[in-house]
Structure formats: structure tokens, C-alpha cells
Amino acid sequence: MIGNITPHMPEKLTACLRPGAPGLLLTAGADGYATSAFTWIVALDTGRARFAVDEGGSTLANLQRSGQASLQVIGQGDISFLVKGRARQLKPKLDGAAPYVIQLWEMEVVGAKNQSWPGVETNALAYEWPAEQREAMLAMEHAVYREMREAKA
């Protein structure tokens with residue numbers, strides 16, 4: 001561990017991500033500027049995380065070009081981490097996300113930076129679905145998390 005950076009995700013972060021959680025996927029564009037996209041994240045272990053990527057956007061183009069990604073995770077309590085690594089596509093389409101075309105990517109973690117402040121607690125990043133879509137979107141979200149955990153590498 002170098003300061004607040006570890007070569008793998010700490011166990012408390014891995015435990016937060018194991019069932020699945022929303023986060024931000026950060027990539028760099030060809031012009032060098034950062035891009036961010038909301039995503040779903042699942043940790044398989046302290047060295048591997050999976051995330052979802054919408055087809056056709058600049059985030060996907062950035063990943064295809066460089067394979068570099070960072071995941072910003074903000075959870076309940078003192079969970080505030082920036083995870084970086086090399087990513088590769090696992091599936092071109094998550095079945096659980098239909099009718100949307102969302103890809104499954106896996107990151108080999110090369111570093112996790114603890115960004116929490118002593119004594120400061122955060123609220124988890126969460127999706128608030130419109131009432132008329134809530135049940136269907138929650139069912140889709142649970143199906144996506146399950147598929148992300150169970151997909152073969």
C-alpha cells in the first residue's frame with residue numbers, strides 16, 4: 001500500500017460491490033479529456049470488477065481504443081474509492097438488459113485509491129426510477145447484476 005492507494009480493492013469495497021452497485025465509469029477520450037458514464041458494477045474478487053457499457057457512445061469508443069478505465073464508487077458510510085485498471089469486453093450484450101443494448105466488460109484492477117475523509121460519511125449513489133417504471137427497472141437491474149456475476153470469462 002502506498003499512502004491511500006492499494007494494488008487491489010480493499011475487502012470493504014469488494015464486499016460493497018459483490019452484490020452489485022451503481023457507480024461512474026471514467027475513460028479518456030482521444031482528445032485527452034475525461035468522460036464519465038453511469039454504470040452498474042460487480043466485484044468478483046479484490047482484483048476483478050465487471051461493469052456495464054452502453055453500446056454506441058463515446059465511453060465504449062474510448063474503451064475499445066485504450067482498454068483503460070476507472071470506476072468511481074461511492075457507497076454508504078465511508079465508501080469512496082477510485083479504482084483503475086485494464087478492461088476487456090466479455091459479452092457484446094447483457095441479456096438481462098433487454099431491450100437495451102448494454103455490453104459487459106471486466107477490469108483487471110491495478111489500483112484502488114481510498115478517497116474517503118476521516119469522520120465523513122457518504123450516501124450511496126443510487127438510481128431513483130420513475131414510479132411507473134420502478135418495478136420493471138429494478139427487476140432489470142437485479143437480472144443484470146446476476147448475469148454480470150455469473151458470466152464466464
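The structure is a predicted model, in which local features need pLDDT of at least 70 and side-chain atom pairs count only at pLDDT 80 or more, whereas totals for chains, interfaces and linings use all residues. Residues are numbered from 1 along each chain as its sequence is written, and side-chain values use heavy atoms, with hydrogens and water left out. Helices (H or I, at least four residues) and strands (E, at least two) are DSSP runs numbered from the N terminus. Buried stands for under 20% relative accessible area, exposed for over 50% and partly exposed for what lies in between, with a 1.4 Å probe and protein chains only.

**R50 and its partners**

- R50 is found in strand β4, which covers residues 48–54, and R50 counts as buried because its relative accessible area is 2%.
- The side chains of R50 and E106 are joined by a polar contact of 2.7 Å, a polar contact being a pair of N or O atoms within 3.5 Å; within protein, one atom must be able to donate a hydrogen and the other to accept it, and residues adjacent in sequence count only if both atoms are side-chain atoms.
- The side chain of R50 also reaches the backbone oxygen of A151, at 2.8 Å.
- E106 is itself buried, with a relative accessible area of 6%, and R50 stands opposite this residue of β7.

**Salt bridges**

- A search of the whole structure finds seven salt bridges, each defined as a side-chain nitrogen of Lys or Arg within 4 Å of a carboxyl oxygen of Asp or Glu.
- One of them joins D78 to K12, with the closest N and O atoms 3.0 Å apart; this pair links distant parts of the chain, since D78 sits in the loop between β5 (68–74) and β6 (80–91) and K12 in helix α1 (residues 11–17), 66 residues apart.
- D78 counts as partly exposed, at 36% relative accessibility, and K12 counts as partly exposed at 36%.
- R88 forms a salt bridge with E106, the closest N and O atoms being 3.8 Å apart; here strand β6, which holds R88, is linked to strand β7 (residues 102–114), which holds E106, across 18 residues.
- R88 is partly exposed at 41% relative accessibility, whereas E106 is buried.
- Between K91 and D95 there is a salt bridge whose closest N and O atoms are 3.9 Å apart, and D95 counts as exposed at 57% relative accessibility.

**Pairing and burial of β4**

- Strand β4 is mostly covered, with five of its seven residues buried.
- β3 and β4 run antiparallel and are joined by four bridges, where strands count as paired if DSSP finds at least two bridges between them.
- These two strands form a hairpin with two residues between them, and the bridge partner of A43 in β4 is A49.
- Seven bridges join β4 to β7, and this pair also runs antiparallel.

- Helix α3 has 17 residues (134–150) and should span 24 Å at 1.5 Å a residue, which agrees with the 24 Å between its end C-alpha atoms; the expected span is 1.5 Å times one less than the number of residues.
- The buried residues of α3 are M137, M140, E141, A143, V144, Y145, E147 and M148, and what covers them includes β2 (21–28), β3 (34–45), β4, β6 and β7, with contact taken as heavy atoms within 4.5 Å.
- W40 lies in strand β3 and is buried, with a relative accessible area of 7%.
- The side chain of W40 makes a polar contact of 2.9 Å with the side chain of E141.
- W40 and V144 are 104 residues apart in sequence, yet 8.3 Å apart in space from C-alpha to C-alpha.

**Nonpolar cores**

- The largest nonpolar core has 23 residues, and those with the most contacts inside it are M9, L13, L17, F51, L63, L71 and V83; such a core is a set of buried Ala, Val, Leu, Ile, Met, Phe, Trp, Tyr and Cys residues joined through side-chain atoms within 4.5 Å.
- At least two residues of this core come from each of α1, β2, β3, β4, α2 (58–66), β5, β6 and β7, and β7 gives the most, with four.
- Apart from this core lies another, of 15 residues, among them V42, A52, L94 and M137.
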